[in-house]
Amino acid sequence: MPAVFLKDRSLLFVSGAEAQTFLQNLITTDIAALGADEARPGALLTPQGKILFDFMIWQDGDGYMIETDAGQRDGLLKRLTMYKLRAAVTLAPSTEEGVTVSWGEDAEGARGSQGARGSQGARDSRFAKAGVTLTRRAGRQGDGAEALYDALRIRHGIVTSGSDFALQDAFPHDVLMDFNGGLSFRKGCYVGQEVVSRMQHRGTARRRVVTVSAATDLPGTGTEITAAGKPVGTLGSVDGGNGLAIVRIDRAGAAMAAGTPLLAGDTPVSLVLPAWSGLVFPASADEASA
């Protein structure tokens, strides 16, 4: 497959003697467990445990590269600077714009290359969970269509903010960060940690990412998914007859168990939980709370 340049992604570089400690005490990702050639998802949460900023993060030389949506970068930089205080940390926008993603043979080639900072690529842990080798590199190093990347992540249940969920409206569990390496329950406290830990231990997460399929083209992003006229979730990214959604799996499971059709607008749809998550639809509210 071709290497795809994602022009709407931006980068921040975090360095300094206390960079690891600074990030470890602030974001959801376990930085101490981050592999040398691994990119993991992460988030900076509100005190109420919802995603304020989401990103990918990987080691880069003596620091860390944070990749986020271009529209989030300045806000994230401002928020990180607010937390920095007197820490021995340097925060700076990267001189490289955009990110290149490669998978299949192209990804293996990228991992074997050498060059400027970040050029060898870091393996995306979200895709690795789904059995796909995909690397992320700073800057433009490919010309494949972005639609190819979107189709790949839709197929494997990998969401992105903006298209699939709104910031400050989703918990990390909603977007499967508890399964894809982006949410730690073992490291020390970080912003919003108490809330997400309570959700984990009580098993109260009900909204989850699903892949959506239909016999015809799906309606547009933002279309409500219903069962017997009652809301189940909202359609996110769409690629023809395939898409992503975040749904209440208790409601969807009960509808499927009862044989009630699920509709995205007026279009009949099927919902599947990503296999790599290990999740299953509960058949009833009692099973959901078990």
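The structure is a predicted model, in which local features need pLDDT of at least 70, side-chain atom pairs count only at pLDDT 80 or more, and totals for chains, interfaces and linings use all residues. Residues are numbered from 1 along each chain as its sequence is written, and side-chain values use heavy atoms, with hydrogens and water left out.

L85 sits in the loop between helix 2 (70–84) and strand 6 (90–93); helices (H or I, at least four residues) and strands (E, at least two) are DSSP runs, numbered from the N terminus. With a relative accessible area of 71%, L85 is exposed, a word that here means over 50% relative accessible area (1.4 Å probe, protein chains only).

A228 belongs to the loop between strand 11 (224–227) and strand 12 (230–239) and is exposed, at 66% relative accessibility. These strands form a hairpin with two residues between them, and A228 is in the turn. Strand 11 and strand 12 pair in the antiparallel sense over four bridges; pairing requires that DSSP finds at least two bridges between two strands. Within this pairing, T226 stands opposite P231 in strand 12.

Strand 12 also pairs with strand 13 (residues 242–248), in the antiparallel sense and over five bridges. Here V238 stands opposite G243 in strand 13. The hairpin of strand 12 and strand 13 has two residues between the strands, and G240 takes a positive phi near 65 degrees.

Technical notes:
Buried means under 20% relative accessible area, exposed over 50%, partly exposed in between (1.4 Å probe, protein chains only).
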